[in-house]
Amino acid sequence: MILQILISGILLGGVYILASIGLTLIFGVAKVVNFAHGEILMLGMYLTFWLYSIFNLDPTYSIAIVIPIFFLLGTLMYLFVIRPSLNAPELTQVFATLGLSILLQNLALLLWGADYRTVKTFYSNTAVTISPEISISVSRVVAFVTSLLILLVLIIFLKKTYIGKAIQAVSQDRSAAMLMGISVKRIYMYAVGIGCACAGLAGALLIPQYYAFPTAGVSFILISFVVVVLGGIGSIPGAIVGGIIVGLLESITGVFVPELKEASYFIFFIVILLIRPNGLFGVKGAGEEGAR
Amino acid sequence: MLDIKNIDVFYGDVQVLFDVSLQVRPGEIVALVGANAAGKSTTLKTISGLLKPKAGEILFHEKNIHTLDSDKIVEKGIIQVPEGRRLFPRLSVEANLELGSYPKRARAKAQDNLKNMYEIFPQLYDRRHQLTGSLSGGEQQMCAIARGLMSMPEVLMVDETSLGLSPLLVKHTIRTIKEINELGTTILLIDQNVNYALRIAHRAYVLENGRIVMQGEGNSLLEDPYLRKAYLGI
Ligand SMILES: Nc1ncnc2c1ncn2[C@@H]1O[C@H](COP(=O)(O)OP(=O)(O)OP(=O)(O)O)[C@@H](O)[C@H]1O
Ligand SMILES: [Mg+2]
């Protein structure tokens, strides 16, 4: 029983990590909170849904299409929504991405209606029974493993390539990065592109277990905020640990106090903020030296 | 080769540099000295493109650079080692050095240059996997200078070469700067330690309240009664 709860919590956490990591990356680098992150994830669900219904493409394969499309979508979002608001007051920045989030919800409603849609893969309803007490849903395992692989690729990219190192440099000291010859604006664009690709991917991996509908992103952005603040804003290791913790918390309370499932991680979140205001892995002042 | 002509620089509405002009010729070590808040760092920030002059111009090899973004200026071969080193604290020594070779002009030779840096600064080799946030002040300064050199600059600008270092380390840093210069890199340096700065500089400028008030050869400025009184306390 306990093992079952732990396993499903960790499996859930894997996808939460992917959903949150883009948010923390965009904030860490460009110091912009992307309130449209949940809607990007929602669009990732829809794209994967349509690829499945029209071309019969399995969600796991559709990530090859989701990555470039959402990277491009992210760069466009940077160029047309975030960049124009970079020098504006913080409140204007909030309105820019919040406005985009509402726009995308309405657009989805207009295009696809309010129906709940999902993808039923051949493994959607299969579960592997390990012992009489433990059975694991195959589609959750697929989503978890794919998330981890993508995460691994992202971390290697950040550690090994010039652009990856430049992304880290900009998030640690923006003006020093400029003095090293790094075009900060271009790095912002890459970071937003990568962040959106992660959100889109999370949507693609979640669709076999969840429904796509115009406001599907809302609950995920709330979870992502909890994960990001819990781990420490801008911290990638923080998002990883935060994702697992929130996944575990959700599966534990889901069994024992299902009514309090969503409330529980907010309570946990407030407690963490009281004990460690910068989050578990946070660096003091991560939000300073803003984009201005 | 680097020609700063009559620049006025502001922070918002506050003017900090007034009609500042200075030249750096190929192969020279030029020092810019002055009291706290005189505007030395502001001058370097303007050369690097972090600040834009309201009036005047900056030429590099006879071409305007004051309209360019900072990354384009680095690409042209002017690098700055900023005040307070400004290493990336949560990256290793080696990753910091590799970021020094971010400009396209330096990437192809990054591996060779990295080897050279470890030869010039052996203590950095020993600490190459350590995060720079945990280095000592002297090691950080070496790492910052090495990171600057990784960009293969024509002009290396160093802001506060010796601040916070022990006298022994100051001597070591100054000697390193001289050696780098002898290997062909032109240097523009700022140092609070006017005595040291003037000793190694071929030429120097004295900045007071945002204005250049004196200039000349390093040695002759050291003999100047006004400068001795105001900056060396003799
Ligand atoms: N970001 C800023 N905004 C507003 N004013 C600034 C800023 N940076 C520097 N100043 C002001 O500009 C003046 C020159 O500063 P600058 O840093 O160039 O002096 P400095 O000669 O480098 O001094 P120090 O030896 O202390 O480093 C000072 O009066 C300082 O207060
Ligand atoms: Mg200064």
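Predicted model: local features only at pLDDT ≥ 70, side-chain atom pairs only at ≥ 80, totals over all residues.
How much area is buried between chain A and chain B, and what share of it do carbon and sulfur atoms give? Residues are numbered from 1 along each chain as its sequence is written, chains are lettered from A and ligands numbered from 1 in the order in which they are written, and side-chain values use heavy atoms, with hydrogens and water left out.

**View 1. Buried area between chain A and chain B.** About 2100 Å² is buried between the two chains, and carbon and sulfur atoms give 64% of this area. Buried area is the accessible area (1.4 Å probe) that two parts lose on being put together, summed over both. Of the area that chain A buries against chain B, 39% comes from A:Tyr162, A:Leu179 and A:Met180, more than from any other three residues. In contacts (heavy atoms within 4.5 Å), 19 residues of chain A meet 23 residues of chain B.

**View 2. Polar and charged pairs across the interface.** Between chain A and chain B there are 5 residue pairs in polar contact, both residues at pLDDT 80 or more. A polar contact is a pair of N or O atoms within 3.5 Å; within protein, one must be able to donate a hydrogen and the other to accept it, and residues adjacent in sequence count only if both atoms are side-chain atoms. The rule also finds 2 salt bridges across this interface, each a side-chain nitrogen of Lys or Arg within 4 Å of a carboxyl oxygen of Asp or Glu. One of them joins the side chains of A:Lys165 and B:Glu98, at 2.6 Å from N to O.

**View 3. The shell around ligand 1.** Ligand 1 is surrounded by 13 residues, each with a heavy atom within 4 Å of the ligand. The closest are B:Ala37, B:Lys40, B:Ser41, B:Thr42 and B:Glu83. Helix 1 of chain B (residues 40-47) gives the most to this shell, with 3 residues; helices are DSSP runs (H or I, at least four residues), numbered from the N terminus.

**View 4. Backbone atoms facing ligand 1.** A backbone N or O atom of B:Ala37 lies 2.9 Å from an oxygen atom of ligand 1. For B:Ala38 the corresponding distance is 3.2 Å, and for B:Gly39 it is 2.9 Å.

Methods. Helix = DSSP H or I, 4+ residues; strand = E, 2+ residues; numbered from the N terminus.
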